Amino acid sequence: MSRLDPQPAERIDRSKKLKFKFDGKTVSGFEGDTIASALYAQGQRIFSRSFKYHRPRGIVSASGWTANSLVQDGEWPGIRATTERAQEGTEIKHMNAWPSLNFDVMRASDIFGGPFMPAGFYYKTFIWPRSAWPLYEKVLRNAAGLGVLKKSQAHREWRTDYRRRHCDVLVIGGGIAGLSAAIAAAREGADVVLVDEDIEPGGQLLWQGKHEQARALADEAKAAGVEIMSSAPALGYFDGMVPVWQGSTLHQIRAQRHVAATGSIEQPLVFPNNDLPGVMLSTGALKLAALYALKPGDDAVVATTGDRGLEAALALHAVGVNVVAVADLMVNRSNELTAAIESAGIQLLRGMTVVEATGNKHIKGCTLAEIDAKGVAKAGTEERFDCDLLVVSGGTVPASSLMLQAGAKAKFNSQTNCFLPEDPPPGIHPAGAVAGKEELDAAALSGTLAGARAAQECEFGDGSAASAAAAALDALPAPSPSAPSPAYQRTAGSKGKAFLDLDEDVTTKDMKYAIEEGYDSIELSKRYTTVTMGPSQGRVSQLPSVRMVAEQTGLSIDETGITTARPPWSSVPLGAWAGRPFTPAKRSAIHARQRELNAHVKWAGDWRRAYDYGDVRAEAAAVHNAVGMIDVSTLGKMIVGGPEAGQFLDRMYTNRLSDLKVGRIRYGVLGNDAGRITDDGTVCRVSEESFLVTTTSSGADAVERWFTWWLAAWEMDVHVTDVTQGLCAINVAGPKARDLLGKLTDAELSNEGFGYLDGHQIQIAGVQCLAMRIGFVGELGYEIHYPAACGQYLWDQILEAGAEYGIKPFGLEPQRILRLEKAHIIVGQDTDSESNAYESQMGWIVKLDKEEDFMGKWALERANERGMVNTLVGFKIDGDDVPIEGSAIVIDGQPAGRVTSARYSELLGQSIGLAWVPADHGQDGGSLQIKYGAKSQTATIVHGAFYDPDQERLRS
Amino acid sequence: MSFLLNCPICGTREVTDFAFGGEIVVRPQSRPGERELNAYNYFRANTDGVQREWWWHRAGCRTWFQAERNTSTNEVLWTAVPEITDATQAPVSPVAEARAAGGEELR
């Protein structure tokens with residue numbers, strides 16, 4: 001319908017048809033079409049409804065510079081229809097209209113609510129009554145909906161990747177300046193990457209009749225060795241690292257030097273009904289015609305402030321559009337373009353501009369007029385034209401966001417009527433339109449100059465290429481001037497809405513009210529009206545809003561200033577920043593076997609661990625009455641070896657370890673120099689110069705780091721080897737544990753020959769193990785460490801041998817009950833970064849009389865002198881009503897402490913736990929008030945273990 | 001924060017491969033006074049400019065090394081493993097420097 005005859009630069013392949021659905025209806029297009037171009041070819045003109053007023057919106061830039069073209073592609077919201085290629089079989093839907101794009105009931109807010117819905121309307125209105133906000137919110141969220149997010153994602157259905165690329169020169173932008181820069185730098189020998197957001201490099205050349213030049217330049221760049229990345233927007237500038245999004249990969253590109261050739265963005269004019277479908281930037285109209293062979297309209301009016309609109313008028317005329325009139329705001333422009341327009345028989349109205357557009361769902365006509373300094377039409381100059389296309393060109397602004405993020409300053413340039421980035425940080429070379437070099441020749445030369453300089457700074461070339469380009473650039477004539485447009489141009493007494501920001505539906509009136517209400521700086525009015533804060537980051541709304549603020553406040557545009565768009569400069573899925581998770585889940589070598597035994601698996605730090613096997617109480621009972629086994633392979637395990645290993649451990653732990661006898665074990669607490677507990681575990685002296693140190697499951701990495709750090713500073717003759725994943729560990733515990741192991745080993749297991757806190761290297765079922773008699777869970781027990789390669793084998797052997805004793809594998813939850821019965825602490829659960837050993841009731845492990853000082857000694861000496869402020873105590877409550885962990889301890893009606901652990905112990909028939917309380921309320925036998933939710937309970941303080949306090953069972 | 005660090009063992013890598021160990025602080029040699037102990041434990045210079053600091057090559061060789069870095073520009077002036085004290089190689093490790101000056105240990 002709207003398709004033109006084949007165009008020389010068109011991107012579509014007419015031999016390949018494709019079909020997709022839009023709102024359920026079939027759309028056919030060609031390969032190479034965007035979603036929007038295929039729809040436009042079939043006559044679709046409304047692509048969305050606006051954010052607030054639900055006004056119909058159409059194509060403006062065909063470049064994704066407004067939110068007008070956002071659609072839902074299957075499960076993906078926020079897809080830019082004007083830049084996203086159409087794909088066979090996709091299901092595209094509109095986003096912000098109900099029931100349909102053509103008829104949206106919320107439009108009522110525009111027609112009736114207009115005068116009553118200024119900026120801040122929602123804040124002011126829906127705050128009363130406060131309690132009703134959740135209800136309002138639900139309705140409002142739907143009204144301003146921007147697509148539907150899928151609630152859940154199948155496992156690994158979509159994931160993103162990182163790629164790191166280091167190069168000499170990164171060129172951002174693939175227009176004529178960028179391509180010239182890349183060629184110049186690559187020819188000098190630099191490793192160059194060029195990234196460009198469009199489907200192919202070439203920038204404006206592609207739709208300005210110079211596509212052959214664009215493609216030749218791209219070929220030249222490739223031949224020179226430039227890595228060209230297309231459909232790859234640069235998202236920001238982070239200390240020299242530029243993230244670039246392409247496909248589903250975030251390329252983190254780090255270059256020694258950067259060329260910013262990000263081009264410019266054409267600006268609209270602000271007049272009543274400037275948002276009607278059919279009002280297009282010249283960029284949009286030209287792209288539709290040149291790249292997708294679409295006739296943007298039948299009868300066109302062009303309103304421009306510079307050469308760009310004149311070029312567009314000629315190009316549209318050439319493809320058969322009836323150009324009714326061209327209004328050039330410049331009164332006395334006379335150049336090749338004006339001559340060509342006049343000789344084509346097109347009416348050229350100098351000194352005039354558009355002051356109003358009319359139409360309901362699409363533009364039907366417009367009024368052109370001469371305007372005064374305020375932008376109001378001069379009486380008697382108004383002329384009305386019928387048209388279905390209004391091409392506007394309000395000049396351009398440099399796409400300077402990345403440079404501003406890098407630290408350049410925006411300065412208003414009265415020659416070009418826009419803000420140019422100045423004083424870029426060293427290493428960033430602007431080129432082309434972003435540097436104010438808009439004309440093709442100037443852009444190409446400034447690109448060559450920037451590329452050659454960047455290469456030279458990386459020590460490539462002798463600088464002659466740069467000097468030549470600089471000289472040629474100086475010799476160019478001055479560019480054609482552009483007329484400064486007013487903030488807001490309109491007919492006298494016009495009532496239609498004039499939009500400063502199409503994304504956020506911010507009108508000139510909103511900005512006026514905002515300033516009257518006192519939000520009179522650009523930073524304040526931006527936040528209050530949300531102007532430039534939509535998905536397009538102010539691409540086509542920044543300069544209009546600055547002009548409006550300047551006009552209303554009476555300040556100059558330079559004094560008003562601009563705001564900096566934050567990264568990401570292009571919208572990307574949140575997953576782009578997330579990347580692939582690089583912390584893999586850890587599973588012990590016995591994990592699969594535990595799953596077969598129906599373990600409930602949960603996260604414990606990075607580990608996947610068996611939480612229980614379905615019956616927590618029975619598992620705990622098995623340990624007390626017979627025997628149980630738990631996989632404790634997750635414990636951090638390190639071999640600390642070397643001639644000075646003992647002295648080193650003396651310095652790290654609060655107690656003495658250098659005098660530990662070979663084959664003996666001691667519990668130890670690790671702290672820092674502030675005297676705070678950071679980790680705990682056991683230390684077993686395996687040989688004269690070798691210790692096996694265990695840490696908490698989550699502390700393995702931190703303890704290794706801590707040990708090696710001090711070793712780097714002290715340079716002791718000690719080495720630390722992390723063997724966490726090289727060793728499996730099983731804790732076999734219960735009164736029958738000795739009998740069980742006796743079936744699997746010939747080694748001495750009697751209490752006399754293998755006593756409590758002994759660590760013996762023995763063979764169990766043929767596997768060489770380090771068996772350690774320790775008792776975290778409070779019964780006779782052996783913690784067996786052995787090579788991970790034998791993980792399942794030994795597990796199976798123990799399970800089989802234990803069958804006759806009623807062995808049960810047990811999980812983390814029963815282990816937590818068992819350790820609590822012994823009042824054994826878990827570092828990080830019962831202690832925090834403020835806990836020291838004295839207050840944690842472990843003063844016995846601090847050996848202040850050690851010869852050498854140790855980590856935390858000085859702080860602990862002081863803590864000992866000062867006495868305790870708070871203390872960790874056990875408590876018991878009759879019955880099985882367990883207070884939740886974190887419950888408050890209340891003294892005289894005030895919160896004074898907290899519960900850190902609490903469980904019901906079937907063995908004791910009581911609820912037991914640990915709690916921090918003020919030291920003077922922590923006496924054995926005292927009572928505590930525990931409050932959680934509306935409940936309050938009285939607990940009795942217990943010092944020491946709840947179960948087997950004399951350790952008879954442990955030592956039996 | 002985004003810059004490159006040269007691990008003395010592995011070579012140049014993204015900073016995200018490393019764990020930061022903080023600025024180099026002097027650990028008191030003998031029992032410090034309360035004020036000195038608190039300063040050592042809790043106070044840092046937080047330099048705006050060049051400082052010496054610890055880094056750990058977490059995702060690599062797991063070696064601790066030292067670096068001199070400009071905290072406002074993230075320019076890394078040098079990196080070195082503390083025990084490498086080759087006199088011809090500037091700069092000398094701060095640990096060795098401090099030892100030579102009076103045997104003080106550095107954190």
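The model is predicted, so local features need pLDDT of at least 70 and side-chain atom pairs count only at pLDDT 80 or more, while totals for chains, interfaces and linings use all residues. Residues are numbered from 1 along each chain as its sequence is written, and chains are lettered from A and ligands numbered from 1 in the order in which they are written.

**Domains**
- Chain A is assigned domain 1 (13-125), domain 2 (162-265 + 398-474), domain 3 (268-394), domain 4 (498-582), domain 5 (612-819) and domain 6 (867-956); the bounds come from an automatic or database domain assignment.
- The centres of domain 4 and domain 6 of chain A, taken over C-alpha atoms, are 57 Å apart.

**Helix pair**
- In chain A, helix α7 (residues 282-292) packs on helix α8 (residues 307-318) at about 30 degrees, with the axes 10 Å apart.
- Because angles under 35 degrees count as roughly parallel, α7(A) is roughly parallel to α8(A).
- The contact (C-beta atoms, placed from the backbone, within 7 Å) involves Ser282(A), Ala285(A), Leu286(A) and Ala289(A) of α7(A), and Arg308(A), Gly309(A), Ala312(A), Ala315(A) and Leu316(A) of α8(A).

**Loop residue**
- Gln923(A) sits in the loop between β44 (910-918) and β45 (927-932) of chain A; strands are DSSP runs (E, at least two residues) and helices are DSSP runs (H or I, at least four).
- Gln923(A) counts as partly exposed because it has 13 C-beta neighbours inside 10 Å (buried means 20 or more, exposed 12 or fewer, partly exposed in between).
- Gln923(A) and Thr871(A) lie 52 residues apart in sequence and 9.9 Å apart in space, C-alpha to C-alpha.

Notes: Axes are lines fitted to C-alpha atoms, for helices over the stretch in contact, and angles run from 0 to 180 degrees between N-to-C directions. Angles under 35 degrees count as roughly parallel, over 145 as roughly antiparallel, 65 to 115 as roughly perpendicular and the rest as oblique. Two residues are in contact if their C-beta atoms, placed from the backbone, lie within 7 Å.
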